Number of protein chains: 2
Amino acid sequence: MYSYTEENYLKAIYKLAERNGDNINTNAIAEVIQTKPASVTDMIKKLSDKKLLAYEKYKGVTLTAKGSKIAIDVVRKHRLWECFLYEKLQFGWDEVHEIAEQLEHINSDRLTDKLDEFLGYPSHDPHGDPIPTKSGVIKKNNFIYLSDAPFNEWHVMSGVVDHSNSFLQHLNKIEVSLGCILRVTDKNEYDGALSIETDKKRKLHFSNDVAKNILVKQHK
Amino acid sequence: MYSYTEENYLKAIYKLAERNGDNINTNAIAEVIQTKPASVTDMIKKLSDKKLLAYEKYKGVTLTAKGSKIAIDVVRKHRLWECFLYEKLQFGWDEVHEIAEQLEHINSDRLTDKLDEFLGYPSHDPHGDPIPTKSGVIKKNNFIYLSDAPFNEWHVMSGVVDHSNSFLQHLNKIEVSLGCILRVTDKNEYDGALSIETDKKRKLHFSNDVAKNILVKQHK
DNA sequence: GTAAATTTTTAGACTAATCTAAAATTAATT
DNA sequence: AATTAATTTTAGATTAGTCTAAAAATTTAC
């Protein structure tokens, strides 16, 4: 079994690799884990010895298949627990992450499977992120940024880029959440701000900063 | 906040004190925690410095109100999670303890409260142990041992003394579980074995070893 | 009430994970 | 190409929790 800390390093490296490709550098990991680069080097050596990642001095790290599988499993548990907290315990989507950071380290395959079943095998967490399957398959979202959505076509709000509490709480305040049906009616060419209309005839105004952090898909 | 390890020591001492009164000795704690007496002494000093227990060298330890509150809260979380696993995820009563040992350390009062609400404020866990309230009150069970139950009076199976998997699985095998309605029809004076009848007219034979590990209350 | 047995504590060492400060390597700049 | 800047690694120390072995205190036994 792997320690809480090892799991967190693997998860951090996995998420960095998702965005930036292979050969993740020490400082980037230190930034995510909120620790010092020297500590990262130590842990990297340990994980490398355990064949969970490939490491060449000064050249960054790349997860092995084994390391990747562990990271994906942690992500799976994290997102399943977020669903549980959101769907069953009525937590807000801005409240689930912190608690799931703890729950993701609970070690019981049977628990994970039963939780998955209990939740009805959800495909996405409350932020629209895909939930890996038991075997580690992740169906990548083909969402587009709201800022890139074509005018006057109906879309479904399907995810967020920024997961920060302040952003999520802002969306709470303007009553925008996953599943909202909306379309872009106009764009201010100067600052990129969007005029939005919802299927409930509500008119909203999104700054470009907000719009580029919202993911949507076409409404069928 | 208190570490996983500190919480486990407090819980162990609390449970020992429940049975044996105050001034719990080092060896007993070591036995429960599955560690060496020297390690226990070290941890005792630490918990004593934090005013979680009263300690006099060579004289054993007694939890303070503060230490007791923490222990009770861990027990509360443990039993609530057991309920969740049993009621919602359909785990067997012989499977819930191990997983709850991990879940009891999740740190979020809001989560505990919402879980409690989700479960309908249960009073007992799947083994019949009472669940402490949020404020730390534990309603003591007034169950009696099946081995002491008066003849021919109907009782409800309400708890177990032995929580071991082997015992719970034995009860599974003979299809005896909490809520069963049964009465003692006869007792073998030589070995203490009991003849049992259930409300479904099933006839069973319990050795004294089994009967004294089953807790019942009068059926109204 | 002294000796033996048991329990408990101390002393010193170990592992996991972290840190600071300094050294080594790589990348950027002129 | 040489210097500066940034990144990464090493060296040595620290904390939490554990261990073994030996010393100290308590309890038990005669």
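Helix H3 of chain B contributes the most to the surface near DNA strand D, giving five residues, where a residue counts as near a strand if its C-beta atom, placed from the backbone, lies within 6 Å of it, and helices (H or I, at least four residues) are DSSP runs numbered from the N terminus. The model is predicted, so that local features need pLDDT of at least 70 and side-chain atom pairs count only at pLDDT 80 or more, whereas totals for chains, interfaces and linings use all residues. Residues are numbered from 1 along each chain as its sequence is written, and chains are lettered from A in the order in which they are written.

DNA strand D is surrounded by 20 residues, of which the closest are A:Asn25, A:Asn27, A:Ala38, B:Ser3 and B:Ala38. Two or more residues each come from helix H2 (26–33) and helix H3 (37–49) of chain A, and from helix H1 (4–20) and helix H3 (37–49) of chain B.

Between the protein chains, 13 residues of chain A are in contact with 14 residues of chain B, contact requiring C-beta atoms, placed from the backbone, to lie within 7 Å. On the side of chain A that touches chain B, helix H5 (96–103) and helix H6 (109–118) each supply at least two residues, and H6(A) gives the most, with four.

Methods: Two residues are in contact if their C-beta atoms, placed from the backbone, lie within 7 Å.
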